[in-house]
Amino acid sequence: MTGEGIDYFLEDFRNQDGSRILYLWDQGQQQDSEKGWNPPSGFQTGAEYTKEQIDRALAAGSRQEALKIVPQQDLSGHGTGVAAVAASSNSELLLQGVAPGSDLIIVKLKATEESGFPATTELMRAVTYAVKKSVELNRPLAVNLSFGNTYGSHDGSSLLERFLDNVSEIGRTCICVGAGNEGSSGGHFSANVEETEMIELAIAERETTTNVQFWKSYEDLFDITLIAPDNQEYEIGEFERPSRREIIFDQTKILIYVGVPAPYSTKQEIFFAFLPLNDYINSGIWSFRLKKRKIVDGFFQMYLPPAVQRNAGTRFFRQNPELTMTIPATSAKAISVAAYNDSVDAYADFSGRGRQGGFSYLAAEGNKPDLAAPGVGILAAKAGGGTESYTGTSFATPMVAGSAALLLEWGIVKGNDRYLYGEKIKAYLRKGAKLIRGEQQYPNNKVGWGALCVAGSLPEE
């Protein structure tokens, strides 16, 4: 599954029978029944293309003619790179994917108009679609999610995290999710409130907008004061019930939304949206002062938007790299994939981290992430032809998804273990993981049980 689609025209995704892409669903494609651009059965949006349609497009000879039949493109190149790492069948040995013979089901996620980023509902529909297809085909499925965001309490209790937990128990599936690239971005702060806590946030110049999520236990009560760069103070007041407040400071409007626990989560969120009155919000040091009223738990977290959505200078002064895994890598039953640099055999500091000892919701599961895979300078095919060097957990994840596909083939397709899927694959990969230089304790919150090693993960005969 590639959020940005795939360059289906590349030889990397073909074999002697044509395309290895069995189905391609472009959630954002405008429908046209006369051209055969219809949504998948059971869904209302986009267009689904079958292998037969893709093969007809390839037979058209040129990209221009092919796009008249299957008009799906990967404009960013991210999806093509992810798919190539997992399953490229390039004739050059160094450019072959982990599982080069695999058939593919591709979903290009629809971006929301407001943010330009895919929404949770689109992702859940995409996973549902892929699982339905695997059941119809009576074939096992390895799902790759090189996708994540920072929005949520990061304790495994969100709708998306629980959804993936449930889907992991359907059919013969294995879901692999990237840990994200927020480990060293300065976008997270957490602490335990005792009496008073001061948190400083630097907002860079020419920042058009940003937001701060504040997550705490609902039973904890403390006063919050927002302090502007010129030291003006704004008391937030009580937040025991839902409310919306507004503060105006110079060229910045701050909207404050106070939430309550959801039916599936005990956490409370206070959301600060920084909006410009003209072009940019006020730069400088903004501070949040917390003062104890009643503390039962005391632990709180604050998150900024992902690093790609903000200027590099917008960050917390005292960042905390723990709990920087993006959602939904915090799903308990998914295989959460961190990145390491295999050239120097060391953890890649941008890779999102879990919390040592596990999350409160995941206490029985233990640590996250589950393991690490190479994610620095990965050479693979690029959209439009040629190759590119990729870095990020987005490209470590297909290493594991491709490995999971190999284990599914060995166990289910070849009959060595009909029950080798889901949590069992996770356990096998953890068992076979290799040590990484500089990591003294396993599992840990940076690389989990260690580096991916499929050979060591197969049971001894």
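This is a predicted model: local features need pLDDT of at least 70, side-chain atom pairs count only at pLDDT 80 or more; totals for chains, interfaces and linings use all residues.
Reader: What covers the buried residues of H3?

Author: The cover includes strand E5 (104-108), strand E6 (141-145), strand E22 (378-381), strand E23 (387-390) and H6. Residues are numbered from 1 along each chain as its sequence is written, and side-chain values use heavy atoms, with hydrogens and water left out.

Reader: Why is helix H3 (residues 78-87) called largely enclosed by the rest of the structure?

Author: Buried means under 20% relative accessible area, exposed means over 50%, and partly exposed lies in between (1.4 Å probe, protein chains only). In helix H3, 10 of the 10 residues are buried, so the helix is largely enclosed by the rest of the structure. Among them are His78, Gly79, Thr80 and Val82.

Reader: What makes the 50 residues of the largest nonpolar core a core?

Author: A nonpolar core is a set of buried Ala, Val, Leu, Ile, Met, Phe, Trp, Tyr and Cys residues joined through side-chain atoms within 4.5 Å. The largest such set has 50 residues, and Tyr8, Ile335 and Ile425 have the most contacts inside it. Helix H6 (residues 393-413) gives the largest share, nine residues. Another core, of 31 residues, lies apart and includes Ile199, Leu226, Ile254 and Ile281. In soluble globular proteins, nonpolar side chains tend to be buried together.

Reader: How do you know whether Thr252 is buried or exposed?

Author: The relative accessible area of Thr252 is 0%, so Thr252 is buried. Thr252 sits in strand E14 (residues 252-258). Leaving out residues up to four places away in sequence, Thr252 touches several residues, including Ile247, Phe274 and Trp286.

Reader: What makes the approach of Thr252 to Asn282 a polar contact?

Author: A polar contact is a pair of N or O atoms within 3.5 Å; within protein, one must be able to donate a hydrogen and the other to accept it, and residues adjacent in sequence count only if both atoms are side-chain atoms. A polar atom of the Thr252 side chain lies 2.7 Å from the backbone nitrogen of Asn282. That distance falls within the limit, so the pair is listed as a polar contact.

Reader: Why do Arg206 and Asp345 fall into separate accessibility classes?

Author: Arg206 has 58% relative accessibility, so it counts as exposed. Asp345 has a relative accessible area of 25%, so it is partly exposed. Arg206 has a positive phi of about 60 degrees although it is not a glycine, and Asp345 has one of about 55 degrees, again without being a glycine.

Reader: Why is the aromatic pair of Phe189 and Phe300 called what it is?

Author: Rings of Phe, Tyr and Trp (its six-membered ring) pair if their centres lie within 6.5 Å; planes under 30 degrees apart are stacked, over 60 edge-to-face, and the rest tilted. The count comes to 14 aromatic pairs. Phe189 and Phe300 are 6.0 Å apart centre to centre with 45 degrees between the planes, and the pair is tilted. Phe189 lies in strand E8 and Phe300 in strand E17, 111 residues apart. Phe189 is buried at 4%, and Phe300 is buried at 0%.

Reader: What makes the pair of Phe272 and Phe288 edge-to-face?

Author: The ring centres of Phe272 and Phe288 are 5.1 Å apart and the planes stand at 75 degrees, so the pair is edge-to-face. Both Phe272 and Phe288 are buried.

Key:
Helices (H or I, at least four residues) and strands (E, at least two) are DSSP runs, numbered from the N terminus. Contact means heavy atoms within 4.5 Å.
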